Amino acid sequence: MSVLLLLISALVLIYLGIGGKAAAAVMVIATVAGFIQDDWHLLSLLFGGGLLALALLLVFPGDFRLDKLSRPLLGWVRNRLPKLSETESEALKSGSVDWDGELFSGQPQWSELLDAKPAHLTSEEQAFLDGPVEKLCAMLDDWKITHEEYDLPDKVWKFIRENGFFGLVIPKEDGGLGFSNTAHSEIVMKISTRSVSAAVTVMVPNSLGPGELLMHYGTDKQKQHYLPRLAGGEEIPCFALTSPVAGSDAGAIPDKGIVCKGQWEGKEVLGLKVTWNKRYITLAPVATLIGLAIKVYDPDKLLGDRDDIGVTCVMVPRETDGVNAGARHLPMNTVFMNGPTWGTDVFIPMDQVIGGQDMLGKGWTMLLECLSIGRSISLPALGTGAGKVASLATGSYALTREQFGRSISQFEGVQEALEPIAGYTYMMDAARLLTSGMLDRGVRPAVPSAVLKYRNTDLMREVINHAMDVVAGRGVITGPRNFLARAYQAVPIGITVEGANILTRSLMIFGQGSIRCHPFIVEEIGAAGMDDEDKAVQKFDGIFYRHIAHTTRNALRAFVLGLTRGMLETVPRQGDIKPCYRQLARFSAAFALMTDVTLLTVGGGLKARQRLSGRMADCLVHLYYATAVIKQWHEEGYPDDQRPLVEWCLKTCLRDLQDAMRDAIINFPVPALRWPLRLLVFPLGATGLNGPDDKLGARVADTIVKDTPVRQRVSRGAYINTDPDDPLGRVLNAYRLANETVDMRNRLHEAIRSRNEDEIDGIALLMGHQRKELVDWACDNGIIKEAECDKLLEALEALYDVIRVDAFEGDGLKALSRCAKGKRKVVERPPRDED
């Protein structure tokens, strides 16, 4: 009995997170109570007393624990902890942990989520969206941009420069607009709903580039000179990281700078002789200031004893002798400026190192810090914008397109495709706003930025593919009428750039997050790397036993919450979604347990276990997006009309989370642990979370079909145009007219269906495109009132115009082809003499 009571009390204490003297007192009392129940039996005293002594030894530090337990454990742990490269060590030091750390903890504090300051816009930022951004969108004709001019028109470039679009986040004192990260995201998203080419042109100078790096790391002189010029569009920046061989791996780039002396503006100065060969560089063909990531070497020891100084960020003016740029790539028929740049032995002074000479070798840290911002804003905004366009256009098209005498939006097969368009768009928007809110609070969300980039671009693909399925032939015919083609073609760009999604999912999210967000691993790695063995043991001793308690507590929480469906968890009452909170808490505990087991057993081999890492990344993604949806609904006051979307998102995330966790367990690389993990995580089996049912799915599909406030909420932030001559405006105009004439059209259809078979009055002979004759017949027969005839004809004309597609005469296609012709070259290296 003493042993049983000791074990029960210890487990309860661990589950509740109680330690120290209070825990020791409870265990002593429980053990003594067991001795009394056992009549002070000798075996009870031996076993119970021995276990109590061991428990107290673990609770209270001492020389015995230090030398006999912690010292040998440190040696064993050193062999299990992941081995970090220099670049990985730098990655761990960059960025900060916020809500992602709560999800990794296994016991998320919901108040940290709900009480955090949300993303918001100032009146000045909203005015910019309603003014210059609206005007810019109205100036954009995507067909002409991508098929005739292959560039933004000169007037658009001029408008972007003069209205500060290149200086959105540069402080006002440096000539910029000084907008928040949320405003940056909203601006890029809105422009992307009009033209991906224009959105990329605006977003790049405001995310990763010389401007962002100068703001955080530049010298005062560099800031004073370059920031006003960048903000005003006098300088057009690009940043070149990607090399043909190394990709975006800064640690492997061959591009180099050699410390030397050279001539600059007529004087001999200390500087770098830079050689580089980069590709896929956005704005490189038109950039006047080229940012570069290079490796710096000092073979002549002009700066000290080090030969290999490391990754460094520099700026090279375009007019510098030896700089080559101007050739263009064409990324999937979007025509934002993108191309290669290269140079050989191009001399620049130390003043062109971002941050000056003191920042030599610190480029990787600089890039990591700024990448967490760019990844959190640019591509997630593009993905969300694509979802909003798909929701607007496809919901409208589904309502207006009729087959078999009724709107295709009433067909369950179509609803099945509309459902994820609406749900995933709401989900992307919520995650985007959660993360931009973090940025505005000063958080550097290294892990959430990778989560958001991967998932929003992946959901963009899902949403656009479903939209193409609904629009069908209307979406696959190229021409100025097509409102989906450009988004469809742009999907692979978002998935590929800033770290391809395969890499981001299988290596970065969980690989970085499992260490960066873990409450103890970073400290344990630090202890393991200390040179002073005694200090290392002492530091390790202060961490390891708390780590063991943490893992045990999460194992108990995962099992108990899985057994009770989370009923023992205290969760917020707002929104009446307590079952979802409980399941999320349960899976957070399971995720934390799986993280510890993975690090303990796989350790340094995690990089090679990319399927496991990818599945664990999926678990974090679904946890993050579910909680983002909760946060967004909370900030909007729990409106009831959004409940179907919220429930759909939560049920979808929980189902996918359960599947990802199950797949991780049944394929766990240590077979002996699979059944224990299944027992702890799924004590009742991996069932019960089946996702949204058909009834809920139909309601979610309706949110983008029916003209209600929730449809406006889903598409909020998109550019709205109802001009019947505009690709999207044509659909939205028809949607408006369809809603305004629904009663008239129902009367007309009913009259046609109810005619006698032998009634020959001319209507049976009318073709579908003879709309004027059809309306005249309806008016003559009193089906439609005379005052309604013009309106009905306008609606029928608009509905027919929506389904029309472009057709080109042969000569027209040849002319189009001639417009598209240009000099093409493959640039993978600097040209050689034989070229």
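Biologist: Between which two helices is the loop that holds Asp-141?
Modeller: This is a predicted model, where local features need pLDDT of at least 70 and side-chain atom pairs count only at pLDDT 80 or more, while totals for chains, interfaces and linings use all residues. Residues are numbered from 1 along each chain as its sequence is written, and side-chain values use heavy atoms, leaving out hydrogens and water. Helices (H or I, at least four residues) and strands (E, at least two) are DSSP runs numbered from the N terminus. Asp-141 has its place in the loop between helix H8 (123-139) and helix H9 (142-149).

Biologist: What is the relative accessible area of Asp-141?
Modeller: Buried means under 20% relative accessible area, exposed over 50%, and partly exposed in between (1.4 Å probe, protein chains only). Asp-141 counts as partly exposed, because its relative accessible area is 34%.

Biologist: Which cysteine forms a disulfide with Cys-779?
Modeller: A disulfide is a pair of cysteine sulfur atoms within 2.5 Å, and the structure holds one. With sulfur atoms 1.7 Å apart, Cys-779 is paired with Cys-789.

Biologist: Which helices hold Cys-779 and Cys-789?
Modeller: Their link is left-handed, with -135° about the S-S bond. The pair ties together parts that are 10 residues apart in sequence, because Cys-779 lies in helix H31 (residues 771-780) and Cys-789 in helix H32 (residues 789-803).

Biologist: How far from Cys-653 is the nearest cysteine sulfur?
Modeller: Cys-653 is buried, at 2% relative accessible area. Cys-653 is in no disulfide, and the nearest cysteine sulfur belongs to Cys-649, at a distance of 6.5 Å.
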